[in-house]
Amino acid sequence: TDKEVSNFVHDKAISGDVIRTISKNREYTRNYGIMVALIYNPKTPPPLATSFIRNLRRKDLQNLLRAKGVPSYINRAARQVHEKRGGM
């Protein structure tokens, strides 16, 4: 279920293979909460994580820009999307 998948995605200790499988499954990534959790999970493949950033709501994008502990490529992609939308 979506609830179980959400729990898996929020768990940073879960296998990278599980995260990769979830992130490639459109049925799961349609759920906004799961998509956001995948962005914050460091085991999500970088191309997939950065592609999800385009779908973030303005407030979540701002929170991502302020977040500590996210990989630098996520921060760069979030900043680019923010600037493209007319931020800063």
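Biologist: How many aromatic pairs does the rule count here?

Modeller: The rule pairs rings of Phe, Tyr and Trp (its six-membered ring) if their centres lie within 6.5 Å, with planes under 30 degrees apart called stacked, over 60 edge-to-face and the rest tilted; by this rule the count is 0 aromatic pairs. Please keep in mind that this is a predicted model, in which local features need pLDDT of at least 70 and side-chain atom pairs count only at pLDDT 80 or more, while totals for chains, interfaces and linings use all residues. Residues are numbered from 1 along each chain as its sequence is written, and side-chain values use heavy atoms, with hydrogens and water left out.

Biologist: Which charged end sits over the ring of Tyr 32?

Modeller: A charge sits over a ring if NZ of Lys or CZ of Arg is within 6 Å of the ring centre and within 35 degrees of the ring normal. Here the charged end of Arg 57 takes that place, 3.8 Å from the centre of the Tyr 32 ring.

Biologist: How many salt bridges does the structure hold?

Modeller: Side chains of opposite charge can pair when their charged atoms come close. With the criterion of a side-chain nitrogen of Lys or Arg within 4 Å of a carboxyl oxygen of Asp or Glu, the structure holds 1 salt bridge. Arg 20 forms it with Asp 17, and their closest N and O atoms are 2.7 Å apart. The two residues are 3 apart in helix α2 (residues 16-24), so about one helical turn separates them.

Biologist: What pattern does the chain follow along the sequence?

Modeller: Helices (H or I, at least four residues) and strands (E, at least two) are DSSP runs, numbered from the N terminus. The chain has 7 helices and 0 strands, which read along the sequence as α-α-α-α-α-α-α.

Biologist: Is Ile 19 buried or exposed?

Modeller: Buried means under 20% relative accessible area, exposed over 50%, and partly exposed in between (1.4 Å probe, protein chains only). Ile 19, which lies in helix α2, counts as buried because its relative accessibility is 0%, whereas Arg 20 is partly exposed at 33%. Of the 88 residues of the chain, 39% count as buried.

Biologist: Which residues is Ile 19 in contact with, leaving aside neighbours within four places in sequence?

Modeller: Taking contact as heavy atoms within 4.5 Å, Ile 19 touches several residues, including Phe 8, Val 9, Leu 38 and Thr 44. The C-alpha atoms of Ile 19 and Phe 8 are separated by 7.9 Å, although the residues are 11 apart along the chain.
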